[in-house]
Amino acid sequence: MNSSKFSEQPIVLAVDDSIDNLTLMECQLEAVTSCAVVTATTGQAALQLAQHQLPDLILLDILLPDLSGIEVARQLRQFALTAKIPIVALTALARDEDRDRILSAGCNDYLSKPYDLDDLFEIVTRHLPQHSLL
């Protein structure tokens, strides 16, 4: 986690292949929290942004066009700089075996799509306790 940024605005990396989903999530988070949101539409872009931006939290879609979110999570856990960043899977995959596979790949939490806005904010608050959310 980027502990040098305790007094700064927390950064959330939102990853989804749907521009509409990303735009909605970005607007929701920026309107109700003190987070800055950066976005990616592919797994490769997510890996690059995570390594360069060192976000405080990653909201990760699992079904991406290039690398799956599961592979992104596994790779992020292998890099020292990104290994401790909380990753929350946001996915339509809702079976118990999907959830288990996602969590065992390195995701810290799981939220099924379509998600409730209150559930999203609760998860963000849970994983960014050191930052004040509005």
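How many of the five residues of strand E1 are buried? Five of five are, so strand E1 (residues 11-15) counts as mostly covered, buried meaning under 20% relative accessible area. The views below come from a predicted model.

**View 1. E1 beside strand E2.** The two strands pair in the parallel sense. Five bridges join E1 and E2. Ala 14 stands opposite Thr 39 in E2. Between these strands the chain passes through H1. This β-α-β crossover is right-handed.

**View 2. E1 beside strand E3.** Strand E3 covers residues 57-61. E1 and E3 also pair in the parallel sense, here over four bridges.

**View 3. Thr 33 in the loop between H1 and E2.** Helix H1 spans residues 19-32, and strand E2 spans 36-40. Thr 33 sits in the loop that lies between them. Its relative accessible area is 4%, which is under 20%, so Thr 33 is buried.

**View 4. Polar atoms around the side chain of Thr 33.** A polar atom of this side chain lies 2.4 Å from the backbone oxygen of Leu 29. The backbone nitrogen of Cys 35 lies 3.1 Å from a polar atom of the Thr 33 side chain.

**View 5. Thr 33 and Thr 125.** Along the chain, these residues are 92 residues apart. In the model, 8.9 Å separates their C-alpha atoms.

Terms used: Residues are numbered from 1 along each chain as its sequence is written. This is a predicted model: local features need pLDDT of at least 70, side-chain atom pairs count only at pLDDT 80 or more; totals for chains, interfaces and linings use all residues. Side-chain values use heavy atoms; hydrogens and water are left out. Buried means under 20% relative accessible area, exposed over 50%, partly exposed in between (1.4 Å probe, protein chains only). A polar contact is a pair of N or O atoms within 3.5 Å; within protein, one must be able to donate a hydrogen and the other to accept it, and residues adjacent in sequence count only if both atoms are side-chain atoms. Two strands pair if DSSP finds at least two bridges between them. A crossover is right-handed if, with the strands pointing away from the viewer, the path from the first strand over the helix to the second runs clockwise.
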